[in-house]
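Please read it with the model open.

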Amino acid sequence: MYRVILVDDEPIILSGIKFLIDWTAQNCEIVGTARNGQQALELIDKAAPDIVICDIRMPVKSGIELLEEANERENAPVFIMLTNYQDFDLARQTLRLRAVDYLVKTQLDPAAGESSLHMAEPECDEGGRL
């Protein structure tokens with residue numbers, strides 16, 4: 001199973017994402033959640049996730065800063081980025097940093113989440129994580 005961490009500063013979003021997707025059916029398990037980029041970085045080091053689903057704008061350390069720092073680690077996880085904003089520059093920046101997808105929270109539904117997970121799987125497998 002793919003190990004997943006959810007990162008968002010809004011508790012209702014974290015809860016919503018947990019129940020949005022049938023994780024087991026997607027061959028995934030949630031191994032932790034974090035409320036800011038710094039907590040997430042510590043959790044990445046501790047839990048060694050395959051996939052991180054992460055908000056872009058958060059306190060302490062942004063999702064983009066988290067993505068940059070996580071990419072410097074051996075066996076870096078695959079990132080799927082979330083935002084409240086339809087901002088092409090943010091999307092382009094996250095994709096340049098090797099995020100596999102960029103989702104707008106207001107448009108997030110089970111099909112979009114599952115599609116993003118399917119995009120992440122080959123990246124996880126290619127990196128030798130499984």
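Predicted model: local features only at pLDDT ≥ 70, side-chain atom pairs only at ≥ 80, totals over all residues.

The points below go from the whole chain to a single lysine.

1. **Order of elements.** The protein chain has five helices and five strands. From the N terminus, they run β-α-β-α-β-α-β-α-β-α.

2. **The sheet.** Five strands form an open sheet. Their order is β2-β1-β3-β4-β5, and the pairing is parallel. The edges are β2 (28-34) and β5 (101-104), each of which pairs on one side only. From one strand to the next, the twist averages 20°. As background, strands of a sheet pair through backbone hydrogen bonds, either parallel or antiparallel.

3. **The β1-β2 pair.** Strand β1 covers residues 2-7. Six bridges join β1 to β2, and the two run parallel. For a landmark in this pair, take Arg3: it stands opposite Glu29 in β2.

4. **Helix α5.** This helix spans residues 110-126. It lies across β1, β2, β3 (51-55), β4 (78-83) and β5. Relative to β4, helix α5 runs at about 155°.

5. **Overall dimensions.** Does the size of the chain fit a compact globule or depart from one? It fits: a compact globule of 130 residues would have a radius of gyration near 14 Å, and the protein chain has 13 Å, so the two agree. Along the principal axes, the C-alpha atoms fill a box of roughly 35 × 30 × 25 Å.

6. **Burial and surface.** Of the 130 residues, 48% count as buried. The accessible surface of the protein chain is about 6,600 Å². Carbon and sulfur atoms own 47% of that surface.

7. **Lys61.** Where does Lys61 lie? It is in the loop between β3 and α3 (63-71). Is Lys61 buried or exposed? Its relative accessible area is 11%, and the cut-off for buried is under 20%, so Lys61 counts as buried.

8. **What surrounds Lys61.** The side chains of Lys61 and Gln38 are joined by a polar contact of 3.4 Å. Setting aside neighbours within four places in sequence, Lys61 is in contact with Asn36, Gly37, Gln38, Leu41, Leu66 and Glu69.

Methods: Residues numbered from 1 in each chain as written. Heavy atoms only, no water. Pairing = 2+ DSSP bridges. Helix = DSSP H or I, 4+ residues; strand = E, 2+ residues; numbered from the N terminus. Axes fitted to C-alpha atoms, helices over the stretch in contact; angles between N-to-C directions. Contact = heavy atoms within 4.5 Å. Rg over C-alpha atoms; globule rule 2.2 N^0.38 Å. Buried < 20%, exposed > 50% of the residue type's maximum accessible area, 1.4 Å probe, protein only. Areas by Shrake-Rupley, 256 points an atom, 1.4 Å probe, with all protein chains shown as cover. Polar contact = N/O pair within 3.5 Å; in protein donor to acceptor, adjacent residues only side chain to side chain.
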